[in-house]
Amino acid sequence: MKLGVGNQFRAALLVSGALLGVASAPAFAQSAPETIADPQGPVAAGEVPSEDEANRDVIVVTALKRETDLQDTPISLSVVGTEALEDRNIQSLLDFADGSVPGLRVSTFESRQSAVTVGIRGIVPNDANQPAREQGVGVYLDGVYLGRQHGLNASLLDIERIEVLKGPQGTLFGRNTEGGAVHMISRKPTGEYGYRASAGFGNLGSYSADIHLDLPEFYDISLKFDGVMQRRDAVVENPLPGSTGWGFYDRKGFKATALWEPTDTFNAEYSYDVGTDENTPYYSQLINYNPNNRPVATTFPIPAGTIAPLPPLVKVHPTRQRVADIGAPQQPSVDEALGHSLHVTWEIMPDMELRSITAYREVSADQWDNSAPGNRPPVYAPNGNFSRYSLSYLEQLQRSQEFQLVGSFDSVDYVIGLFYFNEKAWEEAATPSTNRWNATGTGYTINDPTPTIRGSRSLDRASIAYAESTGIYGQLTWTPPILEDRLHLTVGGRQTKDEKNGLLYRVNNAATNLTFDLSEERFDPVAVAAFDISQDLNVYARYSTGYRAGGASSRSLTYDAFDAEEVTSYEIGAKAYVGDDISLNAALFSMDRENSQIDFTRVTVNPITNSSRNTVETVNAPGTTEIWGVELDGSWRVNENLSFSAGYAYTSTDVPLVVNPFNNLTQKVYIIYTPENVGNVAMDYVQPLGFADLRLHLDATYADGSQSFEQFAQLTDSSFIVNGRLSLADIDTGAGQNLTLSLWSRNLLNEQHIYRRSEENRNTLGDYANFNEPRTFGVEASVKY
């Protein structure tokens, strides 16, 4: 349902954003920030901080591979800290789908929780859910690149902060960061005994629990253990007994970390993490029937130019359903991920540090998606099969190694690095129909489940792909001894070589031998000029490039390779303090994208089995895709008890006309999940009570509608989401323990909107759509020692 007062909300948010801030300030960085007190910290050595600086909260980030003050870092950057994650009850990356970080877009692939689409500044991949396809935004966990969309929605295991780097990061982060990077940074072992634990429950049968245990340092080794579990029943009920509903999840994760610090100049940190995410897709419901007013068929097979009749059991629902009209077999998809990482740091001399990041990760995704029984093709036919069960099994293995030399001399800071990445991924997929109509469409039966079992499936596709990437990079920042050291000049570059090849060995259940072999080399430069107009105002201009690697579509019938798409970005920005209570930031950017990877989709139905196949051909679009926008962000600490924050992002996109390979017609295409306007405001209030603190958090986010399919102009609904948390915090229970009791809610106003809508079936049935989640709420108790 669209917002009747959306324009009013948007106007209010834009005014609030203009008043409070201008896109990378600490609007979300509310986790135990450091206070400038040590002149060897974020303030330059030997420089005495002003009175305002001494009272400011400083957010330390590592976007430049070294620790810097967020406000002094010449890049558009948002930070989501521990407290912000808790306030918004963010348990996984998909919880950022409300747009709470302007410029960052997170959505499901199709309607599946099992694969997450992440986009920044209009760089949003449509279908990276394949072995030989890549993401456009790099997602990192403690410096380790995560190569697949699968498994990204697993539970967040004791994350200290999430840094969202906006714009191409081709020099320091490398491949597949043309839109930016999302870096999740975990808490480290403390070496002192302590624990934190929480447990809670809520509506929709939800419950969660987590525990984080630090052990005392022993023989220079500090150990830390993290465990988490999250479960929620379905959002839409499934009428079929024994089958799971839609929107269900059950996540579990565990992490063990050992930090060895034998000297003050050397440490090695080993981590092992494992997680399981069982989930079902969101329900795809029919929101209209025969919108093109075609004649309704009265005979079968359906004559050309007509549309199938709507069976009596299938209903049109323009608002969010709670119970599906038709039951269908649906079991949870199962994503499993595990990883090993070893971080070694050696301070060779006071101003030079050598780092090594070694990692191995595995992902498997057993996909079961029957999200639209009766609401998508195959359409009704007497005694015909329907309810497409999209089944896939994918495995991925990756190894990576990175060396970094980070240091300073005289007035120069530098980073030099070597990177290696190796990946193997394979997948096989099938789409059997699980249900069968009776002769009149007034009833249905469930088909024999044998075709859904691995080993008995009629495979639409099966492929395997290999990738190897090597890179060498360097970046230095020079502060010339002029203008009172207020000018900072940065140059850098990265040379990358990507080798990819793959085999599509089965199409439409027939053996094939379709291959691709792709070799690409490129250089990604960066240049930045930053100037400190005063201690409270910094401005910068930035030039950078990035790319999304080429590949091949396993949903294709040809498996032809497509090339990398490339982005060149120009950005100017300003970061300011007003006193010690207000931070204001602004960024204006323009990006030119060449060789845009555009997906064209065609759904075909086998008239014999009445099953459907989704064929996707990917082409490199000619011409230049133009993307530009403005990002504003700010925060205001009114007093010790009350603070506000606000953010806003405007994004404009234009893709040149492209020839559709299915019909050879030139057509308009769109960038998906990129609203023109997104804005948010947040309030935090703390009232000391003597024995505890009363804390209130409220945040609200507005977003315009956007396209959700590249081929169609149809917009999704605009949205306005409010989240809140009320806590009685830091109750002293004695023996050094503090207890916090909280009430929380996501989508507090129970707003509903369509976040994904397809018009591809208008001539055969009608539009189907996916709605956002309804209001969720719960109570939580947490304790720390």
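Visitor: Which residue of strand 11 does glycine 138 stand opposite?

Guide: Please bear in mind that this is a predicted model. In general, strands of a sheet pair through backbone hydrogen bonds, in a parallel or an antiparallel manner. Here, glycine 138 faces alanine 181 in strand 11. The two strands concerned are strand 8, residues 137–141, and strand 11, residues 180–186; they run parallel and are joined by 5 bridges.

Visitor: In what order do the strands of this open sheet lie?

Guide: The order of its 5 strands is 5-10-11-8-9, with mixed pairing. Strand 5 (77–81) and strand 9 (144–145) are at the edges; each has a single partner strand, so one side of each lacks a neighbour in the sheet.

Visitor: How many helices and strands does the protein have?

Guide: The protein contains 3 helices and 45 strands. Its radius of gyration is 26 Å, close to the 28 Å given by the globule rule for 785 residues, so the protein is as compact as a globular protein of that length. The C-alpha trace spans about 85 × 60 × 55 Å along its principal axes.

Visitor: What share of the residues counts as buried?

Guide: A residue is called buried when its relative accessible area is under 20%. By that criterion, 58% of the 785 residues are buried. The accessible surface of the protein is about 30,000 Å², and carbon and sulfur atoms contribute 57% of that surface.

Visitor: How far apart are the mean positions of the positive and negative charges?

Guide: The protein has 60 positive and 98 negative charges, and their mean positions lie 9 Å apart.

Technical notes:
Residues are numbered from 1 along each chain as its sequence is written. This is a predicted model: local features need pLDDT of at least 70, side-chain atom pairs count only at pLDDT 80 or more; totals for chains, interfaces and linings use all residues. Side-chain values use heavy atoms; hydrogens and water are left out. Two strands pair if DSSP finds at least two bridges between them. Helices (H or I, at least four residues) and strands (E, at least two) are DSSP runs, numbered from the N terminus. The radius of gyration is taken over C-alpha atoms; the globule rule is 2.2 Å times the number of residues to the power 0.38. Buried means under 20% relative accessible area, exposed over 50%, partly exposed in between (1.4 Å probe, protein chains only). Accessible areas come from the Shrake-Rupley method with a 1.4 Å probe; for residues, only the protein chains shown count as cover. Lys and Arg count as positive and Asp and Glu as negative; His and the chain ends are not counted. The place of a charge is taken as NZ of Lys, CZ of Arg, CG of Asp or CD of Glu.
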